[in-house]
Amino acid sequence: MTIETLPGSSGYLDMYPERKIPLLKNPYIMGLTVVAGIGGLLFGYDTGVISGALLYIKDDFVAVRESSFLQESIVSMALVGAMIGASAGGWINDAYGRKRATVLADIVFALGSVVMAAAPDPYILILGRLLVGLGVGVASVTAPVYIAEASPSEIRGGLVGMNVLMITGGQFLSYLVNLAFTELLDMQVPGTWRWMLGVAGVPAVIQFVLMLFMPESPRWLFMKDRKTEAISVLSKIYDISRLEDEVEYLNSQLEEERQKKRDVRYLDVFKRKEIRLAFLAGAGLQAFQQFTGINTVMYYSPTIVQMAGFKSNQLALLLSLIVAAMNAAGSILGIYLIDYAGRRKLALSSLAGVIVSLLILSGSFLFGSSGSTGGLSGWFAVIGLALYIAFFSPGMGPVPWTVNSEIYPEAYRGICGGMSATVNWVSNLIVAQSFLSIADALGTGPTFLILAGIAVIAFVFVSCYVPETKGLTFEEVENIWKERAWGSGSNTQSLLEQRNES
């Protein structure tokens with residue numbers, strides 16, 4: 001079977017256009033994607049809700065109110081848990097499957113939600129945050145890979161993008177909850193933060209139940225020589241003509257992949273040049289997603305709005321809710337653009353807009369006066385925030401997760417996916433812990449200027465190291481890395497040239 005006739009490849013779909021599967025047209029794939037994406041909803045909700053809940057936690061626990069360390073620990077312990085969960089999640093995925101990894105993440109997350117809601121003191125609350133983080137970390141590795149491995153290549157980017165939509169939807173929901181509970185606080189309703197944190201366990205329980213009826217990843221089943229189960233899953237995704245080609249190809253790849261799998265270790269990622277190059281691109285995208293400031297905007301958007309001169313808490317939360325809504329709306333746009341424009345072009349366009357937006361934000365603080373509520377400089381800051389989200393969310397939001405779900409060979413997909421997700425969480429923690437300190441030391445304007453400089457570096461990085469993977473099969477992508485590692489004489493066709501000609 002040649003590169004051009006691989007099932008799902010551009011050449012194959014040109015030969016058999018009637019076998020192409022449109023986005024949103026297959027109920028089975030859509031159901032699988034939505035159920036798997038609930039993990040993204042948990043991810044997004046948890047990252048957003050803690051900023052509002054912390055206001056009320058300080059009212060209930062004097063020790064937290066008097067200790068910046070405890071406040072930082074409550075926020076950051078979930079990120080610590082996510083780093084551990086992501087680093088272990090790759091191995092769990094490969095050893096036990098995507099389905100069991102998701103179920104395990106749900107159990108840990110739900111347990112953490114109960115512990116947080118019932119916490120009698122700050123230290124039990126921190127334990128609950130750690131458990132929730134562990135669940136989020138495993139889910140952040142599992143959902144993109146699970147969706148990607150069950151998706152036809154021509155719509156893989158859009159379907160993985162739906163997981164990002166669930167993340168941004170969870171963030172929007174968290175800001176909505178923050179705003180609603182601000183009203184309850186005014187009514188002197190006790191224990192509001194317990195409800196805010198505890199309610200996150202409900203989607204985890206729902207996903208746990210639904211996952212019991214979901215299939216395992218067909219590619220993972222093939223790797224474990226459970227072909228009958230894999231074919232049963234594939235038959236619900238493809239019509240009979242394409243199904244036969246998919247099964248034939250997976251059979252031809254099975255022995256090769258199993259041979260690779262026996263010897264894979266974490267250090268092998270850095271020993272094989274083509275895997276090292278793929279991991280550099282994937283981990284670099286994950287790091288730049290965070291270091292260009294997205295979670296600074298999401299975590300601290302109420303604070304940034306107040307820095308710009310809007311002193312009302314409710315107004316700040318309302319404007320932040322609008323920012324979160326734009327983030328979710330941009331993710332919907334990204335679902336379409338990622339398979340239409342391509343991953344690389346979308347990331348570069350996104351970063352170009354992010355650079356301009358951060359320069360506007362920086363200028364509004366450097367040259368404006370934040371002393372007058374709602375002044376011109378304040379509105380420029382809000383416009384800068386809105387533009388930032390408008391450019392970031394369709395591009396640098398989904399692209400890193402999509403690319404990381406498709407650039408690694410089957411044998412390395414779990415390990416490399418876990419390692420790159422860990423890079424994302426470590427970068428997230430660094431940015432979250434340093435933004436306000438740097439803003440206090442240098443000023444808010446220079447801090448956004450630093451982020452703009454990092455975005456310029458990210459633009460150069462994507463230009464140099466990230467290939468276009470739109471519409472390619474996993475095997476075509478693998479051959480791109482072999483060609484980059486060993487040159488065009490390494491018995492692989494020049495897929496990059498083929499893509500440019502098409």
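Helices α6 and α20 are oblique to each other. This is a predicted model. The axes of α6 (residues 122-150) and α20 (residues 410-442) lie 10 Å apart, at an angle of about 135°. The oblique label follows because angles over 145 degrees would count as roughly antiparallel and 65 to 115 as roughly perpendicular. The crossing of α6 past α20 is right-handed.

On the α6 side, the contact involves V136, G137, S140, V141, V145 and E149. Their partners in α20 are E410, R413, G414, G417, G418, A421 and W425. By class, five of the residues in this contact of α6 with α20 are nonpolar, five are polar and three are charged.

Helix α20 also packs with helix α14 (residues 273-291). The table sets out the two pairs.

| Helix pair | Angle | Axis distance |
|---|---|---|
| α6 and α20 | about 135° | 10 Å |
| α14 and α20 | about 30° | 8 Å |

An angle of about 30° makes α14 roughly parallel to α20, because angles under 35 degrees count as such. Here too the crossing is right-handed, with α14 passing α20. Residues of α14 in the contact include I275, F279, G282 and A283. Among those of α20 are Y412, C416, M419 and A421. The contact of α14 with α20 has 12 nonpolar and eight polar residues, and no charged ones.

Away from these pairs, N163 belongs to helix α7 (residues 156-186). Is N163 buried or exposed? Its relative accessibility is 4%, so N163 counts as buried. Apart from neighbours within four places in sequence, N163 touches A36, G37, G40, A143, P144 and I147.

Terms used: Residues numbered from 1 in each chain as written. Predicted model: local features only at pLDDT ≥ 70, side-chain atom pairs only at ≥ 80, totals over all residues. Heavy atoms only, no water. Axes fitted to C-alpha atoms, helices over the stretch in contact; angles between N-to-C directions. Helix = DSSP H or I, 4+ residues; strand = E, 2+ residues; numbered from the N terminus. Left-handed = near helix turned anticlockwise from the far one by under 90°. Contact = heavy atoms within 4.5 Å. Nonpolar A, V, L, I, M, F, W, Y, C, P; charged D, E, K, R; others polar. Buried < 20%, exposed > 50% of the residue type's maximum accessible area, 1.4 Å probe, protein only.
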